[in-house]
Amino acid sequence: MAEVCSPLRPALIAGDKKPAGVTEDICRALLRPPSALWWGGFSVAFSLLLAGVAAVSYQIATGVGTWGLNTTVGWAFDITNFVFWVGIGHAGTLISAILFLFRQKWRTSVNRSAEAMTLFAVMCAGIFPIIHTGRPWLAYWLFPYPNFRGPLWINFRSPLAWDCFAISTYFLISAMFWYIGLIPDLATIRDRLQPGLRQRVFAILSFGWNGSYRVWQHYEVLYLLLAGLATPLVISVHTIVSWDFATAVIPGWHATIFPPYFVAGAIFSGIAMVLTLMIVARKAMGLEDYITHRHVDAMCKLLLLTSGIVALAYATEFFTAFYSGNTYEQFVFLNRARGPFAWAYWTMVGCNVFVPQLLWFRSVRRRLAIVFVLCILINVGMWFERFVIIVTSLHRDFLPSNWAGYQPTIVEVATLLGSFGLFFTCFLVFCRVLPVIAMGEVKAVLRHGKSHGEQA
Amino acid sequence: MEKHYWRSLAECENRGELAAAAEPEFAESPAREIEAGPSRRGFLKAAGFALAGGALAGCSRAPGEKAIPYAAQPEGLVAGRAQYYASTCGACTAGCGLLAKVRDGRPIKLEGNREQAISRGATCAAGQASILGLYDSYRLKQPLAGGKPATWEGVDRAVLEKMERIRAGGGAVRYLSETVTSPAKQAAIDRFLAQFRDARHVMYDAVSASAILDAHERTHGARVLPHYRFERADVIAAFDADFLGTWISPVEFARDYAARRMPPNMSWHVQFEGRLSLTGSKADRRIRTAPGEIAGRLAQLAAFIESNGAGGDDLAARLLQARGRSLVVCGVNDLDAQLWTNYINHLLGNYGATLDIERASLQRRGSDRDLADLLAELKQGQVAALFIDAVNPVADLPGVAGLDRIGLFVSFAGSVDETAERAHYICPDHHYLESWADAEPVAGLVSLTQPAIRPLGSTRAAIETLAAWSGHPAKAYDLIREYWKDRFDWDRALEAGFAEVPRTHAAAPRWIGRKPAPPAAATPGYAVDVYAAVGMPGGRHAYNPFLHELPDPITKTTWDNCALLSPAAAASLGVGDGDILRIEAGAAIEVPLLVQPGQHDQVVSVALGYGRKASERFANLGPRWINHKPTINANGRVGANAAPLLAFEHGLLRYQRGGAVVAKTGRRIELALTQTHHTLSVPKHLAPAGGEVRPIVREIAPAELGKPEHAETHEELWPDDHPYNGHRWGMAVDLNACNGCSACVIACQVENNTPVVGKDEVRRRREMHWIRIDRYYSGPPEDVRVAHQPMMCQQCDHAPCETVCPTLATVHSDEGLNQQIYNRCVGTRYCANNCPYKARRFNWFDYPREDRLANLLLNPDVTVRSRGVMEKCTFCVQRIQEAKIEARRNGAPVRDGEIHTACEQACPAGAIVFGDLNDPSSRVSRLAHDARQYRVLDELNVRPSVHYLKIVRDEKQQGEKHHG
């Protein structure tokens with residue numbers, strides 16, 4: 001593999017690290033007891049998770065009626081959260097797979113945690129299609145499993161059935177990709193641990209990795225193949241999720257623009273979430289040398305690009321409605337911008353279109369505190385984007401007699417917070433037990449040991 | 001020496017001990033093995049057995065129940081097949097003929113009797129819902145004496161003893177009842193009262209028509225209520241008479257009215273009223289008129305008619321053109337107004353044509369003057385004995401006092417109401433479905449009631465109680481047969497449900513009236529208008545959750561009565577929907593406001609029949625969860641009682657009075673409305689060009705009739721995967737006929753086991769009715785037009801719900817039905833989201849069905865849905881199946897008109913027609929090809945199977961007609 005690390009470019013990893021130093025830096029965080037900061041974050045996240053568990057248990061025991069839905073608005077927080085979390089996951093796959101294939105070396109510092117984030121986000125997402133059903137204990141009927149009921153298959157024409165395949169495939173591939181990438185690092189940790197339970201666990205998890213040339217070669221090939229396999233998923237998963245809406249007859253949902261619009265939105269929100277996590281982790285775990293301003297800068301540019309695509313999609317939606325001559329369609333968009341949920345619409349536009357424009361400025365991109373706030377706002381905006389699509393389209397559809405409002409209940413809010421609780425709990429545990437930075441890959445992009453003169 | 005192999009050092013060294021344990025390796029007997037405790041093999045066997053046993057036991061879902069067959073099969077009874085008993089509805093005094101559907105010994109549904117003249121197969125919402133009263137667990141199961149359970153013997157003895165004393169003392173005996181339409185009962189009451197020197201039978205109606213009777217006494221010399229014949233009227237002028245909704249005999253009137261509203265030769269109808277009534281909503285022209293102005297309007301109209309149309313009044317001209325074919329009705333309980341009405345009808349020669357006083361109506365016979373006298377007597381403590389039958393004066397009337405000073409106070413109430421709780425003895429009457437009874441709603445028409453079930457409690461028919469207390473105990477059956485002996489063929493009448501008897505009057509009363517005196521000027525200020533709501537035609541239905549949850553056809557409120565104010569009046573008071581108002585007119589009541597377009601600016605309307613004790617039971621109605629709010633109001637009841645606003649004036653109970661004061665209290669409640677956007681126009685600031693008004697309901701003028709719309713036809717992109725080779729079920733809904741009366745809604749609810757969800761759930765827009773009636777306003781708020789649109793599952797050929805269901809829980813039948821398979825549904829709600837008509841209903845909770853008695857009403861042919869599944873209109877698939885099975889058994893095809901869906905069956909207007917679209921001669925096929933036909937949201941190409949027919953409204957002045 002030709003090395004593209006030009007001496008003219010700034011180093012990807014700051015501090016002139018040596019490989020041993022990298023191992024030391026990354027493993028140090030794992031081997032010392034958790035800090036007060038970690039405990040604080042964990043207790044908040046875990047409390048939210050418990051609140052979510054309580055809310056979901058109550059809802060499953062009592063009925064979907066404990067949510068604020070009604071005959072007209074059959075989906076709201078549930079599917080909003082689902083699409084939101086699936087979207088969050090996309091950045092991980094983008095960074096780990098697509099950027100890998102494009103040989104973007106800077107990804108090495110962030111891909112591990114981005115992939116972990118994908119996994120956790122897909123876990124959060126996967127909960128909602130299950131709990132949003134009226135009879136969640138029968139939700140497995142959405143899968144085409146062999147049965148004695150005829151056999152009775154699922155409806156292969158239903159986008160919800162496609163969702164099941166898309167999400168489960170996505171989860172499996174992401175998990176595999178993430179785990180394969182972890183193996184060399186697991187072995188590193190195994191080798192550094194004192195004999196004991198922990199070491200035995202890591203020994204099992206690292207599959208007898210011995211760091212030999214052959215093993216590395218197999219590993220590289222497998223990693224490349226998996227990256228190739230995961231790449232289409234970045235496009236397909238959110239495309240399929242968008243079909244939930246695009247194939248429906250409801251104005252505001254029935255739009256061919258949805259697949260690219262959703263994919264761009266997903267990457268947009270995912271990158272924002274990665275940045276949010278990275279900026280915190282960098283500070284909290286002392287990884288300033290690994291996650292540098294350059295990484296933040298690159299991701300900010302990605303944000304700016306995807307924000308532009310999303311803005312274009314918003315404008316296109318309005319144009320399509322106007323140009324279609326379909327008054328139901330036109331009404332939906334006027335209703336979005338000026339109806340009872342206009343506040344949600346303008347929150348969405350403000351956060352997703354106007355706020356990211358600040359990232360044009362280098363000075364903004366370099367101020368991590370500002371970037372952090374922007375990323376939070378973008379995630380708020382992207383959550384509202386799904387809320388706007390789902391709720392404003394449903395609440396006033398064809399027959400005016402059906403027009404209704406929607407107001408979430410405390411159970412729904414607790415479920416949303418619970419999903420954040422699950423996400424951050426998983427992420428915090430991940431930070432404690434696994435290396436947040438792919439040591440093996442980072443070592444490959446160090447300047448150490450490379451003779452500049454050899455560059456082609 | 002035997003060679004010794006050892007397995008361990010220990011064995012080698014210590015041979016003796018271990019050898020004993022090691023040696024008998026295979027020699028153990030099975031018995032010893034069991035004794036020795038569980039072995040691996042034994043454990044596996046036991047585990048296998050337990051697992052298999054457990055699995056087998058787990059396979060049976062419900063515990064086995066013993067079903068005991070009839071020891072002797074009753075004649076003609078086939079288990080699982082319904083029987084129908086002809087009967088008469090007891091929900092009001094109109095006397096609609098019924099067929100009570102009885103399955104396995106329990107009545108489960110009421111259907112109109114097609115042959116009987118009042119019903120002609122239809123019912124109203126209250127009639128449909130009244131079957132629930134049979135299974136009302138709050139009904140008394142035995143008589144009460146002093147509030148304690150007693151025996152009939154004990155009560156009889158005690159009452160007779162007290163009656164003896166009153167007879168000796170010559171005390172006043174009063175029998176207070178609603179209009180008695182039963183001649184046999186009237187005879188029993190008369191016989192009973194004949195025992196006393198000072199005895200009087202006082203009848204009153206909670207919604208009185210006393211002024212009509214009194215006016216006819218003056219103008220015709222007979223206290224009669226004309227039998228109004230709307231089917232003979234070409235021009236109808238109604239003054240505050242809601243004859244399609246609640247007035248006197250609404251089912252009969254609605255049917256007769258609809259019969260003359262079939263385009264192209266439609267009758268013309270103008271309505272003068274202060275409150276937008278159901279009838280006003282159907283009128284060609286509606287003129288807002290305050291109650292105080294009605295008499296003046298009538299006098300003015302009379303003047304125009306007298307001058308033979310001079311003055312250019314359109315209505316007078318039309319009426320004059322239709323002499324003898326016109327009808328003027330007035331619902332105001334005011335003598336002046338009624339005298340003028342009679343005068344106009346007399347001038348137009350309508351008596352004997354559209355008003356039959358020869359065979360008059362007996363549906364309202366109450367006399368407010370008698371009632372006022374009785375109340376005065378009660379107040380002064382002059383009544384020794386009071387018998388109360390089927391009325392609740394304490395709740396119905398203002399100023400009932402002195403009940404504590406009565407010597408003997410007996411109530412025949414079926415449950416403890418406001419009046420009965422103060423009675424010394426309660427002798428509960430049967431529910432009408434348990435009784436033998438007769439009724440003569442219109443002179444010459446005898447409608448019979450036969451029991452559809454044995455009495456559920458130890459109740460006794462009032463007629464039997466009266467007979468027992470008259471000294472001639474007899475069974476109700478015998479009393480009725482005895483009364484009608486030889487007048488008609490009993491068996492045939494019982495089978496048909498009714499009989500015609502020769503008329504009793506020698507000749508029709510003649511006009512002896514004069515031109516009435518000019519009416520008094522109206523009182524300025526707010527007029528309070530207490531009205532009967534379509535869903536609650538009187539307080540006697542206050543126990544009925546079906547009716548409380550039925551959205552009012554106009555206001556769309558449930559579980560409350562509201563003060564209706566016009567938008568202008570509400571704005572001037574600075575109040576909005578849900579603000580609690582204090583209405584003062586003599587007494588004061590507090591009710592939440594509902595802003596009602598079409599309401600007169602100076603009229604505040606409140607429905608009667610609410611705020612009853614019977615509604616206290618709904619405190620715990622509906623699913624219980626953390627955010628649940630109670631169905632009852634702060635007063636512990638549903639709504640507020642408007643009776644204190646009534647007053648007696650010149651011997652008449654006035655429902656409308658001037659001089660009311662309306663003030664806001666500053667408190668607010670959230671109303672439970674089933675529709676919150678009331679027009680087909682979208683809000684102005686959201687309206688796209690060309691999309692301001694949605695063409696969901698279409699309305700045309702008579703001149704446009706017969707001009708079919710140019711329909712766009714599109715090439716089909718997809719192959720027709722549903723060939724519909726056999727039947728293809730469809731429906732036609734004539735919006736011109738539909739008056740919104742909502743009988744279909746309740747009929748559907750009873751037929752299809754739809755749960756009642758309570759006020760909080762309705763407020764959250766989660767009512768479960770499978771058919772709803774969308775009500776849309778158009779025009780300016782002070783002069784609204786109303787359209788009613790029954791909306792149910794449209795059974796689309798290209799159903800959007802079917803493609804999106806991931807589990808195939810909603811699929812298309814080869815006869816065009818969208819079938820919902822409850823046990824396959826996991827409840828993703830995707831289908832409901834994708835339904836353009838939002839006709840699907842989701843079971844958000846397990847709706848409580850804890851009242852075991854009420855559960856007897858459940859239709860065994862329809863699954864009771866559990867939590868988390870979607871449901872919707874099935875086109876009454878159970879009825880389709882039944883008819884198909886019957887047809888196959890008979891070897892004949894299903895004929896058109898053999899299947900009636902529950903909604904179609906109940907509809908008084910005949911607005912709903914169900915049938916086979918593949919049969920070109922079926923009624924539904926013909927309607928589907930009518931020039932007025934259209935389909936809602938046809939442009940989506942979902943191909944609904946429900947065809948709507950456009951409304952025809954003639955709004956033009958007659959002069960304009962020629963210009964076309």
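## B:Leu673 and its contacts

B:Leu673 touches B:Lys556 and B:Thr557, leaving aside residues up to four places away in sequence. Contact here means C-beta atoms, placed from the backbone, within 7 Å. B:Leu673 sits in strand S29 (residues 672-673) of chain B. Helices (H or I, at least four residues) and strands (E, at least two) are DSSP runs, numbered from the N terminus.

B:Leu673 is buried, with 21 other C-beta atoms within 10 Å. The cut-offs: buried is 20 or more other C-beta atoms within 10 Å of the residue's own, exposed is 12 or fewer, partly exposed is in between, with C-beta atoms placed from the backbone. B:His201 is 472 residues from B:Leu673 along the chain, and their C-alpha atoms are separated by 42 Å.

## Model and numbering

This is a predicted model: local features need pLDDT of at least 70, side-chain atom pairs count only at pLDDT 80 or more, and totals for chains, interfaces and linings use all residues. Residues are numbered from 1 along each chain as its sequence is written, while chains are lettered from A and ligands numbered from 1 in the order in which they are written.

## B:Trp559

B:Trp559 lies in the loop between strand S21 (557-558) and strand S22 (563-565) of chain B. B:Trp559 is buried, with 27 other C-beta atoms within 10 Å.

Not counting residues up to four places away in sequence, B:Trp559 touches B:His548, B:Glu549, B:Thr631, B:Val638, B:Ala672, B:Lys759 and B:Val762. B:Val638 is 79 residues from B:Trp559 in sequence, yet 6.0 Å away in space, C-alpha to C-alpha.

## Helices of chain B

Helix H9 (residues 250-259) of chain B is mostly covered, with 9 of its 10 residues buried. The buried residues of H9(B) include B:Phe253, B:Arg255, B:Asp256 and B:Tyr257. Strand S8 (225-228) of chain B is among the elements that cover them.

Helix H7 (residues 183-193) and helix H17 (residues 476-484) of chain B pack at about 100°, axes 9 Å apart. Axes are lines fitted to C-alpha atoms, for helices over the stretch in contact, and angles run from 0 to 180 degrees between N-to-C directions. H7(B) and H17(B) are therefore roughly perpendicular. The classes are: under 35 degrees roughly parallel, over 145 roughly antiparallel, 65 to 115 roughly perpendicular, the rest oblique. B:Pro183, B:Ala184, B:Ala187 and B:Ala188 of H7(B) meet B:Leu479, B:Ile480 and B:Tyr483 of H17(B). This contact has 7 nonpolar, no polar and no charged residues. Nonpolar covers Ala, Val, Leu, Ile, Met, Phe, Trp, Tyr, Cys and Pro; charged covers Asp, Glu, Lys and Arg; the others, Gly among them, are polar.

## Helices of chain A

Helix H7 (residues 213-246) of chain A has 34 residues, which at 1.5 Å a residue should span 50 Å; its end C-alpha atoms are 49 Å apart, in agreement. The expected span is 1.5 Å times one less than the number of residues. H7(A) bends by about 30° at A:Leu233; the bend is the angle between axes fitted to the seven residues ending there and the seven starting there. A:Leu233 is also one of the buried residues of H7(A).

Helix H9 (residues 293-324) and helix H11 (residues 342-354) of chain A pack at about 140°, axes 8 Å apart. That makes H9(A) oblique to H11(A). A:Ser307, A:Val310, A:Ala311 and A:Tyr314 of H9(A) make the contact with A:Val349, A:Asn352 and A:Val353 of H11(A).

Technical notes
Two residues are in contact if their C-beta atoms, placed from the backbone, lie within 7 Å.
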